[in-house]
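Morning, everyone. Please have a look at the next slide, and then I'll walk you through it.

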Amino acid sequence: MYVTIELNEPGEVFYVVMLASDTRVPSLDEVIAANSKDPDLQVMASASGDMFVSKGLLPFTDLGQTVSAVLDDLRSLEQYKLYFVAQDSHTPPNVQTAPVKMFITTPDIEAPVFLKKSPYVRAAQ
């Protein structure tokens, strides 16, 4: 499954994926911290525990660039909620005031399997 994002200026987008049934709502800082290499922010991310099923960081180097994230570590036919936070490349960066949330249901990606004792052969009558 892909999620496609377009920004109006260079920057980056942080995202996290949670089970739709999870009632917790990550803060802006938690979404950013989950994807950060900054040791101070990683402490915050580890405090969030197993809150996130998946996470990622998408860099945008050009104005109006479109970037897609591959969400390939999700289970088939499961409902998830995704949170996104964008920031530009200024110093210090301008960051969205709140995460953007969307819901998805993953497609059926599992191959069919034979039922017990199938296939089988029997004599013609």
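Salt bridges first: how many are there? The count comes to 2, where a salt bridge is a side-chain nitrogen of Lys or Arg within 4 Å of a carboxyl oxygen of Asp or Glu. Keep in mind that this is a predicted model, with local features needing pLDDT of at least 70, side-chain atom pairs counting only at pLDDT 80 or more, and totals for chains, interfaces and linings using all residues. Residues are numbered from 1 along each chain as its sequence is written, and side-chain values use heavy atoms, with hydrogens and water left out.

D22 is buried at 14% relative accessibility, while R24 is partly exposed at 34%. The cut-offs: buried is under 20% relative accessible area, exposed is over 50%, and partly exposed is in between, using a 1.4 Å probe and protein chains only.

The other salt bridge joins R75 to E78, with the closest N and O atoms 3.0 Å apart. E78 is partly exposed, at 24%.

T106 sits in the segment after β6 (100-105). Strands here are DSSP runs of E, at least two residues; helices are runs of H or I, at least four residues; both are numbered from the N terminus. Is T106 buried or exposed? It is buried, at 6% relative accessibility. Its side chain reaches the backbone nitrogen of E78 at 2.9 Å. The T106 side chain also reaches the backbone nitrogen of L77, at 3.0 Å. These are polar contacts: pairs of N or O atoms within 3.5 Å, where within protein one must be able to donate a hydrogen and the other to accept it, and residues adjacent in sequence count only if both atoms are side-chain atoms. Leaving aside neighbours within four places in sequence, T106 is in contact (heavy atoms within 4.5 Å) with several residues, including M1, L74 and Y80.

Now L77 itself. It lies in the loop between β4 (66-70) and β5, and it is exposed, at 57%. Most residues other than glycine have a negative phi, and most peptide bonds are trans.

On to cis peptide bonds. One joins T91 and P92, with omega about -10°. P92 is in the loop between β5 and β6. Another joins S118 and P119, with omega about -5°.

Next, the sheet. What is the order of its strands? The 4 strands run β3-β2-β5-β6 in an open sheet, and the pairing is antiparallel. Two strands pair if DSSP finds at least two bridges between them. β3 (54-60) and β6 stand at the edges with a single partner strand each, so one side of each has no neighbour in the sheet. β2 and β3 pair over 7 bridges. In one of them, V17 partners S54 in β3.

Last, the aromatics. There is 1 aromatic pair. The rings of Y15 and F84 have centres 6.2 Å apart and planes at 40°, so the pair is tilted. The rule: Phe, Tyr and Trp rings (for Trp, its six-membered ring) pair with centres within 6.5 Å; planes under 30 degrees apart are stacked, over 60 edge-to-face, and the rest tilted. Y15 is in strand β2 and F84 in strand β5 (residues 79-88), so the pair ties together parts 69 residues apart in sequence. Both Y15 and F84 are buried.
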